[in-house]
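Good morning, colleagues. Please have the sequence and the structure open before you while I speak.

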Amino acid sequence: MSISTVTTGFRPSRRSLLAGSAAAAGAFTFGFTIPFGSEAQAQAVVPEINAWVVIHPDDKVVIRIARSEMGQGTLTGLAQLVAEELNCDWAKVTTEYPTPGQNVARNRVWGNFSTGGSRGIRESHDYVRKGGAAARTMLIQAAANEWKVPASECVAEKSVITHKASGRSLRYGQVAAAAAKIEAPKDVALKDPKDWTIAGKPLARLDTAPKTDGSKIYGMDLKMPGMLNAAIKDCPVFGGKVKSFDAAKIKDMPGVKHVLPVGDSAVTVVADTWWQAKTALDALPIVWDEGQHAKVSSASLAEWLKEGLDAPNAVVGNQNGDVKAAISGAARTIEAVYSYPFQNHACMETMNATALYTPDKCEVWTPTQNGEAALAATAEASGLPIAKCEAYKIDLGGGFGRRGAVHDWVRQVVAIAKQIPGTPVKLIWSREEDMLHGRFHPLTQCKMTGALDKDGNLTGLHMRISGQSIVAGIFPQNIQNGRDPVVFQGLNASGPEASIGYTIPNLLIDHAMRNPHVPPGFWRGVNLNQNAIYLESFLDELAHAAGKDPLEFRRAMMKNHPKHLAVLNAAAEKAEWGKPLPAGMFRGICQTMGFGAYVAAVAEVSVSDDGKLKIHRIVAATDPGHVVNPAQVERQIEGSFVYGLSAALYGEITIKDGRVEQENFDTYEVMRLEAMPAVETVLVPSGGFWGGVGEPTIAVAAPAVLNAIFAATGKRIRNLPLKNADLKKA
Amino acid sequence: MAKLNVNGKMIDVEAAGDTPLLWVLREQIGLTGTKYGCGVAQCGACTVHIDGVATRACALPLDAVTAEQKIVTIEGLSPDGSHPVQQAWIKHEVPQCGFCQSGMIMATAALLQANPKATEADIASEITNICRCGTYARVKTAILDVVAGGTLGRG
């Protein structure tokens, strides 16, 4: 059922609330369909072929997508994979989200909803394609049954089934109802990717038009009959609490309906409009109990992490040979200390959710990267069983990891809704709240020690990481023997996810965990970001110390890592590494592996005499195994460089008096169009595996630029962001 | 009570005079295509046209807008999404998440109306909206395509 078909009759049910927003929006058309609850299933005229595919009598194909669309194009890419095996007419394809509650009720028939770690396509390609293939088989069988011929004599193409011998044909829409009653095949064969005609092609996204005329509805835009609006302030010092607030001071302000505590650390004002709520909240006297972290600063955290660089206790992530012996016996040792600051995700759409609570049902509408986690947070915060809760996903105005693992804003809105049962309430975070209460890219430092022999070969490398563990902050149950495996992203000895691309005779990579009170989060690219900066910058240092070309220095250690090497070579060739550049232009190169994909980049920069950096061009190569939509992969790579370079150039969250200092984009600068370099992507999918594309290339943005800056200036920037560095010629 | 001319219609609105135009549009008038991103005129997600000039509505109080001024929001840029900038956005598939794109499109439409032959340098200095997905390369390509088409700024 399409949301735009429901135009009247507001009812306080899960579906009509969203439909109500459509009706209230009048002439707007919607880019997404209404979640189909059990109620919708019961009423549905069109039965599903299987969990993934619904075909209407007019041949419209509805493909169900479990992952969340946040701009990365997964809606289109996953639909391409299903449609490829379904052999349907792509022009007739639309998509819809199943709800997390439905997934629970149907024994997780749609699998994992989590949309992070660049895993939307790479971890579901197999079962979504099988869903499409099974549906095709059932449709063909339905036609064969009608013709009383063997299914093997029938073929399906572009939503039409043909019996060649008799020349008869039927459209998918004509046999869909019969196909829905056929038993699903137990096993289906998938096409060889070389035979793809829908997947693998640069097809247009399915969701562009509503993003150009204001009609697309984001979570922040939801409207429901009788809905109130909430603004919130959580204690600015993490771990602090509300001591008191003086509601009487603001209760008569325009529109104010409620002034309420939210847990023990936050206060909300609920009003007719959000602007009224925010205005009153800003006027509300609140006394905080700032707790034990009120004296923490960026400087005190840096001191603490620095101590970890030489601490005796550390957890080993990757080790071979005897690094101590290699260093003590080296012709030359090189040492350097790097650091990487906290970052905020700063999604353009701030955190928000709408909730309706009654004593026997709690429903939440929210942009989320993980509908099931949003549902779990709803159940936990409402105190109701999962079966009495539902979470409805709305496309995100940016995610980048902020809206995945932690659903703090969902817990808040439910805590508010629970205090005003029967009234829908929409909570929107101000930008300031969003900046102060991020789940930040972790804070780390790294000490690199390299051993060179007399010929300038790298014989030993010790990489000591000191600092924050995301896993310890979010999934502490996954820390075993003090080890956070995600800390070593891109540095693992082997494996299909994130392995190091070099063979170094004596190697030790270890981690001294130091967890500040500032809550960490999975930030697009995660730990690959700083690990690639540390390793790839330092390899550049070693190459220069050894008097070797940075590309050749790397190649000498990559013989056993052919996939890493092939991508590095692809970037180098496209960028014409080794060919002289115009005067004043300089190159840097790097490579890494993460999220199952191999990536490399070459950056071309110039630095003026007064220290102004310009990034002219970046060549980025990637091997994600298979490419489902090359046009969207290119956009992901371009976008990843903006995200990565924003952090490298400007991104820095600092702590003073236990709280975040940056409250908006005036102090947390991000990249704008003016700084955008030309990005040339080189796609070299080698097949045989499935890697991600949303994140990996972020990690090569900064090291390529930092290495190019060294080439241009002789200055090695080891502490980001670059805005703090003096690049003036000495 | 204030009177506003929004997308060619006179509308009575009831809101405190210091309410930013953005929130009047979104919460009083129900036009949610104009987005809240920062509230301090930094990101441009709230860009609308006032008498043809790109204006960040989040920092403009209702009191400062008169009934004579013509406000155009993304919903009123064209009746059917056919404005050359909207068409270029679709052709080049500029949006990713799309949240900032109303503002990008409104800023671009105003720029090209005033300067139909905008150069890359003009675009770099005039389009200062923030996009966290990183669509800048496609934004630039789409704008240059509209410039090449020469469909804006005539008359």
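**Rings and a sheet**

I begin with a charge over a ring: the charged end of A:Lys393 sits over the ring of A:Tyr97, 4.2 Å from its centre. The model is a predicted one.

Over all chains, the structure holds 15 aromatic pairs. One of them joins A:Trp196 and A:Trp690, whose ring centres are 6.1 Å apart and whose planes stand at 50°, so this pair is tilted. A:Trp196 is in the loop between α6 and β8 of chain A, and A:Trp690 is in the loop between β27 and α18 of chain A, so the pair ties together parts 494 residues apart in sequence. Both A:Trp196 and A:Trp690 are buried.

How are the rings of A:Phe342 and A:Phe440 arranged? Their centres lie 6.3 Å apart with planes at 65°, and because that angle is over 60 degrees, the pair is edge-to-face.

The strands β14 and β19 of chain A pair in the antiparallel sense over nine bridges, with A:Thr333 opposite A:Ala451 in β19(A). Both belong to an open sheet of five strands, ordered β13-β21-β20-β19-β14 (chain A), with mixed pairing. β13 and β14 of chain A each have a single partner strand, so one side of each is left without a neighbour in the sheet.

Terms used:
Residues are numbered from 1 along each chain as its sequence is written. Chains are lettered from A and ligands numbered from 1 in the order in which they are written. This is a predicted model: local features need pLDDT of at least 70, side-chain atom pairs count only at pLDDT 80 or more; totals for chains, interfaces and linings use all residues. Side-chain values use heavy atoms; hydrogens and water are left out. Two strands pair if DSSP finds at least two bridges between them. Helices (H or I, at least four residues) and strands (E, at least two) are DSSP runs, numbered from the N terminus. Rings of Phe, Tyr and Trp (its six-membered ring) pair if their centres lie within 6.5 Å; planes under 30 degrees apart count as stacked, over 60 as edge-to-face and the rest as tilted. Buried means under 20% relative accessible area, exposed over 50%, partly exposed in between (1.4 Å probe, protein chains only). A charge sits over a ring if NZ of Lys or CZ of Arg is within 6 Å of the ring centre and within 35 degrees of the ring normal.
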